[in-house]
Amino acid sequence: MANRAQAPSLLVATLLAALLATCHAGGIAVYWGQNDGEASLSDTCASGNYKFVILAFVYKFGKGQTPELDLASHCDPSSGGCTGLSDDIRSCQSSGVKVLLSIGGGDGSYGLSSQGDARDVAAYLWNNYLGGSSSSRPLGDAVLDGIDFDIELGGSKYWDSLARDLKNMGKNKVGGKGVLLSAAPQCPFPDEWDNGAIDTGLFDYVWVQFYNNPPCQVNAGRGAFLDAWKQWESVPAGKIFLGLPASKDAAGTGFVPADDLNSNVLPLIRGSSKYGGVMLWSKYYDDRAGYSDAIKSHV
């Protein structure tokens, strides 16, 4: 009799565990476009490893500058050579992968001088990469899913204005799909550049760079890492991602071996309602190390 009575409760417990796992199931985001010799965009999405692919970078914009996109040797935007990526982008989207465009980066010429400047940059991004129209769309006529703020230079002002303008443009487009916003702050809290923008509450995803920042990255120790993670959980954003290098060569510090991540790190944060998954820098290094293959069933 005891065994028969326990069976339903065991089933309920199993179903609850499965439901909780589904609720907190994460995905992998990866940056693509900054290295020669990485897989093509279509192959990246077709791998099934990634939920988000972030094209990097529009490294020059604002302050009256003509915006410029750099995708390494994948294609030359100045000659119209990147318009062929439209088919790849649509292929990614049809398989459920969100494709975002990253602005900024650690090496560029960018910044915003005023709210008007932010409005101009938003209009440029909207018309050339999102739901607007332009005769000179660098990636062709495909409509990207959103914009990623990887602001590491150029001051901290007016990024909140840019975020509001982009979201409003997406809302005002009849029949449009809106504009996703993501940010890639460093793990020291609050972020020097992105804090004002993130505080708008408009960001869907925040992939925090827990690397090249020894005081708060995983190998700083469980306490220091969790303190930083909990601080980032407090921001008014949709989902928080653990940003990591995909190999030892991808960053100066902060690499976490896949077995360690799966067994010791992800169990600490997967239960968070804000947990979104893992962000990797970058596809080039992931190709060589196979990191996403090793972690995808645990994320």
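C75 and C82 are joined by a disulfide with an S to S distance of 2.0 Å in this predicted model. The torsion about their S-S bond is about 100°, so the link is right-handed. Both C75 and C82 are buried. A search of the whole structure finds three disulfides, and with the bonded cysteines numbered in sequence order the pairing is 1-4, 2-3, 5-6.

**Disulfide C45–C92**
- C45 is bonded to C92, with an S to S distance of 2.0 Å.
- The C45 and C92 link is right-handed, with 90° about the S-S bond.
- C45 and C92 are both buried.

**Disulfide C187–C216**
- The sulfur atoms of C187 and C216 are 2.0 Å apart and form a disulfide.
- The pair connects distant parts of the chain, 29 residues apart: C187 is in the loop between β7 (180-183) and α6 (195-198), and C216 is in the loop between β8 (205-209) and α7 (222-233).
- The link of C187 and C216 is right-handed, with 80° about the S-S bond.
- C187 counts as buried because its relative accessibility is 1%, under the 20% cut-off.
- C216, with a relative accessible area of 6%, is also buried.

**Surroundings of N128**
- N128 is located in helix α4 (residues 115-129).
- With a relative accessibility of 5%, N128 counts as buried.
- The side chains of N128 and S134 are joined by a polar contact of 3.1 Å.
- Apart from neighbours within four places in sequence, N128 is in contact with S134, S136, R137 and P138.

Technical notes
Residues numbered from 1 in each chain as written. Predicted model: local features only at pLDDT ≥ 70, side-chain atom pairs only at ≥ 80, totals over all residues. Heavy atoms only, no water. Helix = DSSP H or I, 4+ residues; strand = E, 2+ residues; numbered from the N terminus. Buried < 20%, exposed > 50% of the residue type's maximum accessible area, 1.4 Å probe, protein only. Polar contact = N/O pair within 3.5 Å; in protein donor to acceptor, adjacent residues only side chain to side chain. Contact = heavy atoms within 4.5 Å. Disulfide = S-S within 2.5 Å.
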